[in-house]
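Please take a moment with the sequence and the three-dimensional view below before reading on.

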Amino acid sequence: MEGNIGEAEDIPSGEIQLHVPSDGLNGSFASTSNLDVANEFEDVDQIQNTLDEPVMETIMRDVRSIVQKFYHVLLPHNDKKLLRDWDLWGPLAITMALAIMLRESAKDGQQIQVFTGVFVITWFGASVVTMNAKLLGCNLSFFQCLCVLGYCMVPLLVACILLRALSFFVSHLLIRALVVIGAFAWAMIATTKFLGNLEPSRRALVLYPVGLYYLSVSWLIINDA
C-alpha cells in the first residue's frame, strides 16, 4: 500500500500531458475552421457583389435565369440546381400571358371575369396542389413547388399561342384537343422530372392532383373561342 502511494507521489503535479499527433486532431480543427471561414467570406463577397452591381445587370441576370428554367422545362431533365434558384417571376409572367390571351377571346363584358378567373384558378390551384405535395412528404419548400408548377405550365402557354396562330387557318375541335393533350403530357413529364425523388408509394398521390390542375388549365385553353 505504501509503495503504491510512493509511486503516485513520484508523479509531479501539472506535468501530465496528452500526446496528440500534430497532423491529427489539430489539423482537422484547423482545416475545418479555415473552410468555414472561407465559406463565410465567400458568402459575404457574393452578397456585396449583388448589392453593389448595377440594376440593369441584376435584371439581366434574373432574365437569364428565367430563360434557363424555360429551357429546362421545354427539354425536361432533372436538374436540382434550378430548384435551389427558385423564383416566382417566371410563373407570374406565364400566368399573366395566359390570362391576357384568354381574356382577349372572351365576350364583351366578361373579359375582366375571365382574366380574374384564370389568375385565381392558376394560383389557388397551384397552392392547393403544393400543400398536398408537402403533406405527402415532398422535400421541396412551398415556394419551390409553386415555382415548379408555374414553370411547367410553359407547354400549355405554347399550346395556347400555337392554337391562336392556327385559328387563322383552321379551328377544328379535334386539332385543338390534340395540341392541348400534347402540351398536357409535356407539362406532366416536366413536373415528374422535377418531383422524381418522391417515394414510389406516394408519387401517384402527388402527381394525381397535379394532373387535375393542368387538366383544368388545358380545358380553359380548349374552350378558348
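The paragraphs that follow go through the structure step by step.

This is a predicted model, in which local features need pLDDT of at least 70 and side-chain atom pairs count only at pLDDT 80 or more, while totals for chains, interfaces and linings use all residues. Residues are numbered from 1 along each chain as its sequence is written, and side-chain values use heavy atoms, with hydrogens and water left out.

The protein chain contains ten helices and zero strands, where helices (H or I, at least four residues) and strands (E, at least two) are DSSP runs numbered from the N terminus. Of the 225 residues in the protein chain, 30% are buried; here buried means under 20% relative accessible area, exposed means over 50%, and partly exposed lies in between, with a 1.4 Å probe and protein chains only. The accessible surface of the protein chain, calculated by the Shrake-Rupley method with a 1.4 Å probe, comes to about 14,500 Å², and 66% of that surface belongs to carbon and sulfur atoms. Among the contacts in the protein chain with a separation of 6 or more, 72% are between residues 24 or more positions apart, a contact being heavy atoms within 4.5 Å.

Helix α9 (residues 173-194) has 22 residues and reaches 32 Å from its first C-alpha to its last, close to the 32 Å expected at 1.5 Å a residue; the expected span is 1.5 Å times one less than the number of residues. Several residues of α9 are buried, including R176, V179, V180, A183 and A187.

How many aromatic pairs does the structure hold? There are five aromatic pairs, and rings of Phe, Tyr and Trp (its six-membered ring) pair if their centres lie within 6.5 Å, with planes under 30 degrees apart counted as stacked, over 60 as edge-to-face and the rest as tilted. F70 and Y151 form an edge-to-face pair, 5.6 Å centre to centre with 65° between the planes. This pair links distant parts of the chain, since F70 is in helix α3 (residues 55-74) and Y151 is in helix α7 (residues 142-151), 81 residues apart. F70 is partly exposed at a relative accessible area of 25%, whereas Y151 is buried at 3%.

F115 and F119 form a stacked pair, 6.3 Å centre to centre with 20° between the planes. These two residues are four apart in helix α6 (residues 111-135), so about one helical turn separates F115 and F119. F115 is partly exposed at 22% relative accessibility, and F119 is partly exposed at 27%. Finally, ring pairs link W86, F142 and F143 into a cluster.
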